[in-house]
Structure formats: C-alpha cells, structure tokens
Amino acid sequence: MESYGADRREGEGEGEEEMVAPEGSEMRRRSAAAAAAKEVETREGNGEAAASTMMSMSVERVFEGKRVPGWREQLTLRAFVVSFVLAAMFSVIVMKLNLTTGIIPSLNVSAGLLGFFFVKTWTAALDRVGLLKKPFTRQENTVIQTCVVAAYDIAFSGGFGSYLLGMSERVANQTTEANDPQNVKDPQLGWMIGFLFVVSFLGLFALVPLRKIMIIDYKLIYPSGTATAHLINGFHTPQGAKLARKQVITLAKFFVISFAWGFFQWFYTATDSCGFQAFPTLGLKAYANNFYFDFSTIYIGVGMICPYIVNVSVLLGGIISWGIMWPLINNKKGEWFSADLPPTSLHGLQGYRVFISIALILGDGLYNFVKVLLHTVTSLVAAARKGRTSTLPVSDNGSPITTDNPVSFDDERRTELFLKDQIPQPVAYGGYVLVAVISIVTVPHIFPQLKWYYILVAYVFAPVLAFCNAYGCGLTDWSLASTYGKLAIFTIGAWAGASHGGVLAGLAACGVMMSIVSTAADLMQDFKTGYMTLASPRSMFVSQVIGTAMGCVIAPCVFWLFFKAFKDIGLSGSEYPAPYAIVYRNMAILGVDGFGSLPKHCLTLCFVFFAAAIVINLIRDLVPQKVARFIPLPMAMAIPFYIGSYFAIDMCVGSLILFVWEMVDKAKADAFGPAVASGLICGDGLWTLPQSVLSLAKVQPPICMKFLSRQINDKIMIIDYKLIYPSGTATAHLINGFHTPQGAKLAMKQVTTLAKFFLISFAWGFFQWFYTATDSCGFQAFPTLGLKAYANKFYFDFSTIYVGVGMICPYVVNVSLLLGGIISWGIMWPLINNKKGEWFSADLSPTSLRGLQGIIPSLNVSAGLLGFFFVKTWTAALDRVRLLKKPFTRQENTVIQTSVEDSVTTY
C-alpha cells in the first residue's frame with residue numbers, strides 16, 4: 001500500500017488511471033487509495049515515528065487495551081447525523097463536478113477527516129460538561145466514512161450527468177435521431193427517487209455470501225478500503241489526532257477563501273459568457289477554441305489531487321482536439337458536412353467531437369475490461385489449483401504467489417471479529433430476490449420501454465458480473481461499473497429496437513446494471529475497511545444501506561435544484577454542459593441505429609482513435625514503469641475532446657502549485673496538500689448552493705464583465721449603440737462637404753486663410769526668439785498683469801499656439817482652466833505657502849511648477865482640411881498635364897485624416 005501511495009504523483013502502476021474514468025465509479029477508487037495512502041505516509045513521516053513504527057509492526061497492538069464496541073454500539077445517532085450533513089455537502093460538490101466535466105476526484109480523505117473532526121469536537125464538548133456517555137471510536141469513524149461515501153456515490157452513479165440526464169428532451173434535441181417522445185423522458189423528482197430506491201440496493205445483497213471468501217480466504221487487497229482503514233487507524237492515535245486538527249484548520253481556511261472567491265465572481269456574471277469564467281487569459285483566438293484559465297478554484301483543487309500524468313493527459317487531449325483537429329475539420333465545412341448546420345448538430349463538427357471522444361472511451365474501457373477479466377480469471381484458476389489456504393491469489397505484480405507465513409496477531413484478531421457478526425444467508429438471498437421482484441415490477445412502470453423480461457435477464461447475470469467487478473476491484477482497485485453499463489446500453493438497446501424506444505430502454509438498463517455492480521464493489525471495499533478497523537460487518541452493511549437510502553433522496557433533490565436553477569444544464573457551451581449525457585445518449589443511438597448517422601469520415605477517425613486507445617494502453621503495460629509514467633492516458637485525453645481544455649489549464653495550475661510546494665517543503669506539501677485541495681473543492685462546490693437559491697429567487701448578478709475583440713467592440717459602439725462621437729461625426733461632415741462643388745470652393749478659401757495665419761504665427765515666433773537670451777526673458781515672461789500676479793503664474797505670454805487652442809476648445813473648457821488657475825495659484829498655494837515652517841520645512845528649495853501642459857486640442861478638422869488641400873492641389877496639377885489616374889475621393893481624405901490623427905496622438 002505504501003508503494004502505491006508513493007507512486008501516486010509519478011503515475012506509476014495502474015492507479016492513476018482510475019482518476020479519469022469520468023463516467024463510472026471506478027474513477028474515485030484509484031484516487032481514494034492514492035490520497036489515503038499518501039496521507040498514511042505523511043503521518044509516518046511527520047513526527048509520529050513512535051506510533052507509526054508500532055503500527056507498522058502491529059496495528060492492533062496499539063489498540064489492544066481498548067474494548068471493541070458491539071455492532072449496535074457502532075451505529076450511533078451522532079454518526080448518522082454527521083453522515084447526513086457531510087453527505088449533503090459532498091453531494092452538492094459531486095453534482096457540480098458531474099455536470100461540468102465529469103471529473104470527480106476522491107473525496108474519501110475529506111469525508112474521513114471531516115467526520116473525525118466533527119464527532120471529535122462533539123464528544124470533546126460533551127466531555128467538558130460531563131455529558132459524554134460513549135467515546136468516539138475508530139469503528140464509529142468507519143461507519144461515518146462508509147455512510148457518507150455510499151450517499152454521495154449516488155450523486156455520481158445515479159447518472160445525473162450521464163444516462164439519466166441523457167434521457168431528457170434538452171439533450172435529445174441536440175441530436176437528430178431518436179428524439180421522439182418514446183425515447184425521451186424528462187427528469188422529475190418523484191420518479192428519480194423511486195427509480196434509485198428500487199435499483200440501488202440490489203448490489204448490496206448480491207455478494208454478501210461471498211464476503212468471507214473475498215476478504216479472508218483470498219485476502220484481496222482492495223487498495224481504497226485498505227488505505228482508508230490505515231487513515232482511520234492513524235486518526236485515532238494521539239499523534240494522528242493532532243495532525244488531523246491542523247489539517248482541518250487548513251481545510252477551513254481554504255474553504256472560506258474558495259467560497260468567498262465564488263461569491264465575488266458571481267457579481268460579474270449577469271449574462272452568459274460573462275465573468276471570470278469567460279476571461280480570455282490566453283487571447284481571444286485561444287478563448288474561441290476553449291483554451292483559457294477560468295479562475296476555477298474547484299478544478300485547481302482537483303488538479304492538486306489528480307496525478308500529474310492525468311492533468312497532462314487532459315491538456316494534451318485538448319491540444320490535439322481543439323488546437324489541431326477541430327480547426328482542420330472545420331476547414332472542411334461544406335465538403336465533409338453542410339456549412340448550413342447549426343453548431344450543435346451531430347451531423348456537423350459537433351458529431352466529430354462527440355463520437356471520437358466515445359471511440360477513445362470505448363477503446364480504453366474495452367482494453368481494461370479484457371485486462372481485468374483475464375487478470376481475474378487467471379487469479380481464480382491459480383487460487384483453485386493451490387486451494388483456499390492461499391493467502392493471496394496474486395502478488396503486487398499480478399503473478400500467483402503462495403505464502404506459508406504464520407498468521408499474524410493483526411490477522412488473527414481481525415478474522416476473529418470479522419467472523420463474529422455473521423450476516424445470515426437467508427437475509428442475503430431473500431433480500432436479493434425481494435428487491436429484484438420489486439424492481440422487475442416497478443421499473444417498467446417508470447420506463448415502459450424497459451420490459452420486465454429485460455430486467456429479469458439483467459438480474460440473472462448481475463451476480464456474476466458483480467462478482468467479476470468486485471474481484472477485479474480487489475486486485476487492482478479498478479471498478480468497471482461504467483463498462484458494464486455501456487454493455488447494457490448496447491445489448492438491451494439493440495434488443496428493444498429503435499421502433500420500441502430502444503434508446504431510452506438502453507439508458508435505463510445502463511442505470512440498472514451500473515447500480516448493481518458498483519454498489520457490490522463498494523460494499524466489498526467497505527468490508528475490507530471494516531475488517532482492518534475491527535468494525536463489524538453488520539454495522540458496515542447497515543451503514544451502507546442507510547447511506548444508500550440517504551443518497552437516493554439527497555442526490556435527486558440536489559440535481560433537481562440544479563436543473564430548476566440553471567436552465568441550460570446539458571447544453572454544449574453552457575456553464576453546466578454535462579458532457580457525458582450526450583455521450584451516453586449517442587452510445588444508445590449507435591446501439592440502436594448503427595453508424596449510418598455519422599458525418600463523413602467520422603467513422604474512420606473513430607476507428608483510428610479506438611485503436612490508438614488500445615495501442616497506448618498496451619504500450620503502457622509493456623514498457624518499464626519509469627517509461628510508462630510518461631505515457632498519457634487515453635481516457636483522460638478523451639474528456640476535453642468534447643468540452644474543451646479550459647478545466648485542464650485549471651488542473652495543471654493546481655499541479656504546478658503542488659509541484660512547487662513539494663520542491664520547497666515536501667513534508668508540509670504531503671501533510672497539507674490534500675487539505676488545501678479539499679478546501680478549494682468544497683468552498684467553490686458549496687457556493688453553488690446559494691447561487692442556485694439566488695437563481696431560483698430571480699436575483700441576477702449586477703455586472704457583466706465581458707471581453708470583445710476590437711472589431712466587435714467597434715461594431716457595438718458604432719452600429720448597435722449608435723454613439724455620436726462628435727469629433728468624428730463633425731470631421732465626417734467636413735470631409736463630405738469638401739467633396740461637393742460648393743464645399744471645394746469654401747475649402748479653398750479656408751486653406752488660404754489658414755496659410756495667412758500660419759505665416760503670421762511663424763513670423764511672430766521668430767520675432768519673439770530674439771528676446772529670449774536667458775531663462776525668464778522675452779514675451780513669454782511679460783508681467784502683463786503685474787509682478788505679483790506674474791509670481792503666481794498669472795500673465796499673458798503672447799503664445800499664438802494657445803490663442804489658437806482657445807479658439808478650438810469649447811468656451812467651458814477655457815473658463816474651467818481659468819477658474820482652476822484662480823482657485824489654485826490665486827488662493828490655495830498662497831495660503832499654504834503662509835504655513836511654511838509649520839506644514840513643511842522653511843529650508844526646502846522652491847519647486848518650479850511648470851503650469852498647465854499637455855493640452856492637445858482636437859486637430860481632426862485641421863488634419864482633414866490640410867489633407868484635402870494638399871492632395872487636391874496634387875491631383876489638380878496631374879489633371880492639367882493629363883496624368884491623373886485616380887480622382888481624389890472622400891474615403892481617401894478620411895484615410896489621410898485618420899493617419900495624421902493617429903500619428904499625433906501616438907506621439
């Protein structure tokens with residue numbers, strides 16, 4: 001386990017891959033083991049040497065003097081109250097992640113940490129007033145962990161961002177096939193809760209009879225369950241409790257920062273494409289191709305938790321798709337697909353995005369399904385040959401092993417208590433049959449397209465598939481629930497047929513199958529955690545049942561809040577695009593209709609990327625680990641193919657932060673990195689709750705911060721807003737007037753007048769020069785209003801240039817300047833100067849204030865007039881000798897005037 005955690009950031013082994021299976025519960029299992037194992041290593045490397053050394057020798061000897069509570073004592077009211085609060089909080093977070101990108105990191109560490117903190121605070125407060133009756137034990141902590149994870153897992157496995165939302169009319173309207181009423185079912189709170197209740201519990205009964213074989217006889221690892229157990233055991237040592245308190249404080253700090261940042265951003269999102277999430281940080285061209293940093297703290301936190309190879313793979317997928325492929329395919333508009341199609345049509349560019357991403361996902365899923373299946377079969381055969389006495393069917397590298405080691409104190413103690421509280425076999429078998437019958441009767445009433453015999457066949461094969469999934473998960477920590485769900489989409493959808501609602505039947509069957517195989521693997525993970533923390537299997541089972549029931553209510557309510565508050569959920573390009581909703585729906589369409597609806601050359605590209613996913617995975621498994629950790633993950637690369645790379649940049653920023661932190665202080669980064677990441681995720685995730693309430697209350701943000709190109713901005717200013725721009729309008733009227741016969745005559749007289757006064761002004765300047773031998777000499781130092789006034793900068797300096805400026809500027813500008821001079825130089829400065837020696841030192845040298853400078857009047861009229869005169873003289877001369885080829889137009893006059901003005905203002 002320790003080597004697994006250590007390899008998390010290097011991306012070694014198969015662990016990092018689970019972080020990016022966005023459409024199934026397998027994604028979180030890998031990250032759970034990685035994060036929790038990392039936490040264990042941190043605790044062992046940060047001052048807990050004595051305790052960790054003891055625990056590494058024998059964990060149970062550390063707790064040997066403590067009584068293990070009975071299974072009923074482990075199920076406390078406070079545990080389920082805390083579980084409910086945490087389940088609601090994490091369901092909101094998971095739902096937001098589910099509806100944005102589908103990437104959901106493991107929140108197991110956060111759940112365990114917060115569960116420990118809340119109950120520990122609760123019991124400490126009761127202990128101070130003498131009301132504490134039951135101490136907080138690691139078994140109770142395990143119950144909380146199990147309940148919370150079971151509850152918020154429904155927010156993901158319930159299909160709210162995939163198969164369930166894919167049934168809706170909103171998603172169906174983005175396709176052109178199978179969007180008729182019999183293949184559409186809009187979400188409603190009632191039927192969603194009912195559906196989840198009748199399909200989510202079956203998996204809990206499917207493998208209960210096999211728990212001893214899986215946990216004790218085969219001693220399967222279940223890395224996530226093992227790592228979580230180490231984490232909980234560590235919490236309940238004195239040193240572990242101290243570190244946990246510091247981590248919670250860190251988490252709280254960054255939770256507040258992230259929540260406040262989300263609130264601040266909200267003020268600038270008055271309409272679509274407004275605010276920081278639409279900030280073109282890399283330029284407008286990159287923004288148009290979904291390359292930008294959107295200041296999302298939630299995905300910065302995700303990036304800090306995900307392995308580096310995951311973040312790099314996602315970014316690489318975005319570069320390949322949005323940076324290269326989609327622009328090239330878009331250039332084939334009109335040739336490969338009609339140029340008149342709307343952007344969301346799956347017969348156009350959108351079709352390539354969706355189906356190529358599906359090809360990558362299916363290629364990666366198929367490869368790993370076959371790989372885990374072969375691994376499972378090989379291990380079962382090896383175990384059967386060597387007998388049940390084999391302690392572990394496979395070693396860490398996958399090869400069969402045998403051990404003749406004596407049973408350790410830990411194993412002896414754990415096995416004794418694990419077998420003490422048996423779950424009666426009739427409860428398991430009877431529960432499976434009862435829930436199956438209820439489901440077979442009820443589900444067809446919710447989905448008439450999904451016939452009862454489709455469900456019966458699924459439930460006949462479900463225990464076998466659940467066993468394969470749970471066994472493979474125990475070996476590799478890889479749950480293939482989404483792969484079995486896709487299998488149900490294709491088989492049941494094709495069986496039902498297009499004319500009988502095959503698309504909706506396939507999506508509903510996906511939900512049925514995913515729920516069974518996912519919860520069965522989850523329960524075995526929890527049994528492993530309970531085994532290692534001495535929690536009773538009965539308390540684990542009851543906690544899982546209660547957590548699942550909580551999730552069946554909380555998750556649909558949270559989704560319903562999102563669905564009602566944000567009207568664009570599921571729409572491409574929106575804040576909540578729910579990319580896997582349209583992906584799953586199109587898988588169902590492919591299963592029913594085949595490939596005839598794909599755009600030109602799309603099928604060929606799909607085959608190429610399907611094969612590429614298999615080849616890349618094969619190479620990763622064949623080359624040495626030091627090379628494999630640099631090879632990207634096809635599943636991660638597939639995510640941005642549809643929705644873009646903006647979140648990948650956020651995740652890479654998170655990786656960069658953690659990388660720099662590890663370079664500066666690795667011990668602190670290991671200890672507090674998960675807490676910082678969890679705080680960022682939880683703060684931004686929970687801000688969605690008040691944001692939804694504000695949206696439902698019709699409270700709109702007051703400001704829209706939007707970025708436009710110069711061309712679009714000019715269009716808005718000139719055409720849409722019809723702003724006057726007086727100087728530009730006057731100059732245009734002047735130029736238009738020049739180019740009329742009457743205007744040309746008047747312009748000639750104006751130029752003659754301008755030339756006269758130009759000569760007068762030039763000669764006057766030359767004349768003044770003779771009297772400026774030194775500073776403060778000449779007419780510009782003439783005390784026309786007296787020496788006292790001159791000392792206070794009040795005098796006429798005979799400057800023809802500012803006389804001319806005064807003739808151009810509006811009267812109010814000139815009067816305002818004079819008034820400002822009177823207030824400052826006539827009143828304020830003399831009064832302040834009288835405070836010399838009191839307000840400031842009398843010994844300071846006087847500073848020379850140069851007066852008003854830099855007043856540049858509008859020279860537009862002069863530029864237009866002189867431009868007209870010079871070119872008109874030029875063209876007249878050429879016309880007289882018959883060399884004129886192009887007449888002088890008002891458009892050319894405008895170009896001259898604009899160029900002169902730009903040159904002057906630039907100077």
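These notebook entries record what I looked up about salt bridges in this structure.

**Entry 1. Basis.** I worked from a predicted model, in which local features need pLDDT of at least 70 and side-chain atom pairs count only at pLDDT 80 or more, while totals for chains, interfaces and linings use all residues. Residues are numbered from 1 along each chain as its sequence is written, and side-chain values use heavy atoms, with hydrogens and water left out.

**Entry 2. Count.** I took a salt bridge to be a side-chain nitrogen of Lys or Arg within 4 Å of a carboxyl oxygen of Asp or Glu. By this rule I found 4 salt bridges.

**Entry 3. Arginine 67 and glutamate 73.** I noted a salt bridge between these side chains, at 2.8 Å from N to O. For accessibility I used relative accessible area: buried is under 20%, exposed is over 50%, and partly exposed is in between (1.4 Å probe, protein chains only). Arginine 67 is exposed at 58%, and glutamate 73 is partly exposed at 33%.

**Entry 4. Aspartate 684 and lysine 96.** In this salt bridge the closest N and O atoms are 3.4 Å apart. Aspartate 684 lies in helix H31 (residues 666–696) and lysine 96 in helix H6 (residues 77–100), so the pair ties together parts 588 residues apart in sequence. Helices here are DSSP runs (H or I, at least four residues), numbered from the N terminus. Aspartate 684 is buried at 5%, and lysine 96 is buried at 10%.

**Entry 5. Aspartate 670 and lysine 666.** I recorded a salt bridge of 2.9 Å, N to O, between these side chains. Both residues lie in helix H31, 4 residues apart, about one turn of the helix. Aspartate 670 is buried at 14%, whereas lysine 666 is partly exposed at 43%.

Key: Helix = DSSP H or I, 4+ residues; strand = E, 2+ residues; numbered from the N terminus.
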